[in-house]
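This briefing concerns the packing of helices in one structure. Please examine the sequence and the model before reading on.

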Amino acid sequence: MNIHDSIKLKEAQKNREGYISIMAGWDDGRLSKHIDLFREQRAMAYMKGDEDAMVLLDEYEWQVIEARLRRNG
């Protein structure tokens with residue numbers, strides 16, 4: 001994993017609960033847009049063979065999904 005993506009991933013994991021708590025306050029439309037965006041970016045990363053970016057985007061998407069579950073759960 002390149003250093004830039006590694007730092008971003010560690011930061012996303014370290015601050016996971018805080019990010020999820022913030023996003024849980026967002027409306028479903030905003031959360032859906034973020035999920036769609038991350039999936040588009042992941043598809044582009046896949047086409048480029050950028051596994052590091054795919055792992056990072058998976059983490060971001062998971063956080064948004066978790067926020068959505070907490071919001072609607």
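In α3, the residues Asp28, Leu31, Ser32, His34, Ile35, Phe38, Arg39, Gln41, Arg42, Ala45 and Tyr46 meet Ala53, Met54, Leu57, Asp58, Tyr60, Glu61, Val64, Ile65, Ala67, Arg68, Arg71 and Asn72 in α4; contact means heavy atoms within 4.5 Å. The model is predicted, local features need pLDDT of at least 70, side-chain atom pairs count only at pLDDT 80 or more, and totals for chains, interfaces and linings use all residues. Residues are numbered from 1 along each chain as its sequence is written, and side-chain values use heavy atoms, with hydrogens and water left out. Helices are DSSP runs (H or I, at least four residues) numbered from the N terminus.

**α3 with α4**
- The axes (lines fitted to C-alpha atoms, for helices over the stretch in contact, with angles from 0 to 180 degrees between N-to-C directions) are 9 Å apart, at an angle of about 160°.
- α3 and α4 are therefore roughly antiparallel (over 145 degrees).

**α1 with α4**
- The axes of α1 (residues 3-14) and α4 come within 10 Å and cross at roughly 20°.
- α1 and α4 are therefore roughly parallel (under 35 degrees).
- By class, their contact has 6 nonpolar, 2 polar and 4 charged residues.

**Around Trp26**
- Not counting residues up to four places away in sequence, Trp26 touches Leu31, His34 and Arg71.

Methods:
Helices (H or I, at least four residues) and strands (E, at least two) are DSSP runs, numbered from the N terminus. Angles under 35 degrees count as roughly parallel, over 145 as roughly antiparallel, 65 to 115 as roughly perpendicular and the rest as oblique. Ala, Val, Leu, Ile, Met, Phe, Trp, Tyr, Cys and Pro count as nonpolar, Asp, Glu, Lys and Arg as charged, and the others, Gly among them, as polar.
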